[in-house]
Amino acid sequence: MLSSAKIMAFVSTTNADRARAFYRDTLGLKMISEDNFALLFDCGGTHLRVALAQEVTPAKYTVLGWEVKDVRAAVLDLKKAGITCEVFGFFKQDDLGIWTAPGGTLVAWFKDPEGNLLSVSSY
C-alpha cells in the first residue's frame, strides 16, 4: 500500500527562527515553505517537516540521518559550520566523533538546536 509512496521525515522545534537558521543556513537545506505549523525543507527529494511545538522532548536515539559518500568530509563540513559531533564514550569513536560499526559502516552524530539527535553515515 505505501511501498511506492514517498516518505516524509519529521522533527519538532519550539523556535522557528532557530530551526530555520540551523536547517537552512547551517546545513544548507532548501526551504520549500513555512507557515504557523511547520517549516518544510527539501532533502535530496525527501521532504523534512520541522513541526512547531510548544515543547520538544528529544529522543535518546537518532531521529534523522543522512547517507553520505564520505562521512569524514561531511563531519569536517559540519565542524566548519560550528557543529560538534557527539562522543558517547561507550564505543570507540575517532578524533572527529566517527564510529566504525562492526560491518564497516561509518557513523557520526550531532544535534540540532532542540537536541534532536541527527547523523551522517556511509555504508
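## Elements and the largest pocket

Helices, counted as H or I runs of at least four residues, and strands, counted as E runs of at least two, are DSSP runs numbered from the N terminus. In this predicted model, helix 2 (residues 71–80) supplies the largest share of the lining of the largest pocket, namely 3 residues.

The space in this largest pocket comes to about 250 Å³. Its lining includes Leu27, Leu29, Cys43 and Gly44, together with Trp66, Val68, Ala74, Asp77 and Leu78, and also Phe110 and Val120.

## Asp112, in the loop between strands 7 and 8

Asp112 sits in the loop that runs between strand 7 (106–111) and strand 8 (117–122). Although Asp112 is buried, this residue has no salt bridge, and the nearest side chain of opposite charge, that of Arg18, is 7.6 Å away.

When neighbours within four places in sequence are left aside, Asp112 is in contact with Phe22, Tyr23 and Leu118.

## Lys6, before strand 1

Lys6 belongs to the segment that precedes strand 1 (8–13). This residue counts as exposed because its relative accessibility is 68%, where the cut-off for exposed is over 50%.

The side chain of Lys6 reaches the backbone oxygen of Gly45 at 2.6 Å. Lys6 and His47, which are 41 residues apart in sequence, are separated by 8.9 Å in space, C-alpha to C-alpha.

Notes
Residues numbered from 1 in each chain as written. Predicted model: local features only at pLDDT ≥ 70, side-chain atom pairs only at ≥ 80, totals over all residues. Heavy atoms only, no water. Buried < 20%, exposed > 50% of the residue type's maximum accessible area, 1.4 Å probe, protein only. Lys, Arg positive; Asp, Glu negative; His and termini not counted. Salt bridge = Lys/Arg side-chain N within 4 Å of Asp/Glu carboxyl O. Contact = heavy atoms within 4.5 Å. 1 Å grid on protein atoms, 1.4 Å probe; cavity = no way out; pocket = protein on both sides within 12 Å on 5 of 7 lines; lining within 4 Å. Points joined across faces, edges and corners; volume = space filled by probe spheres on them. Polar contact = N/O pair within 3.5 Å; in protein donor to acceptor, adjacent residues only side chain to side chain.
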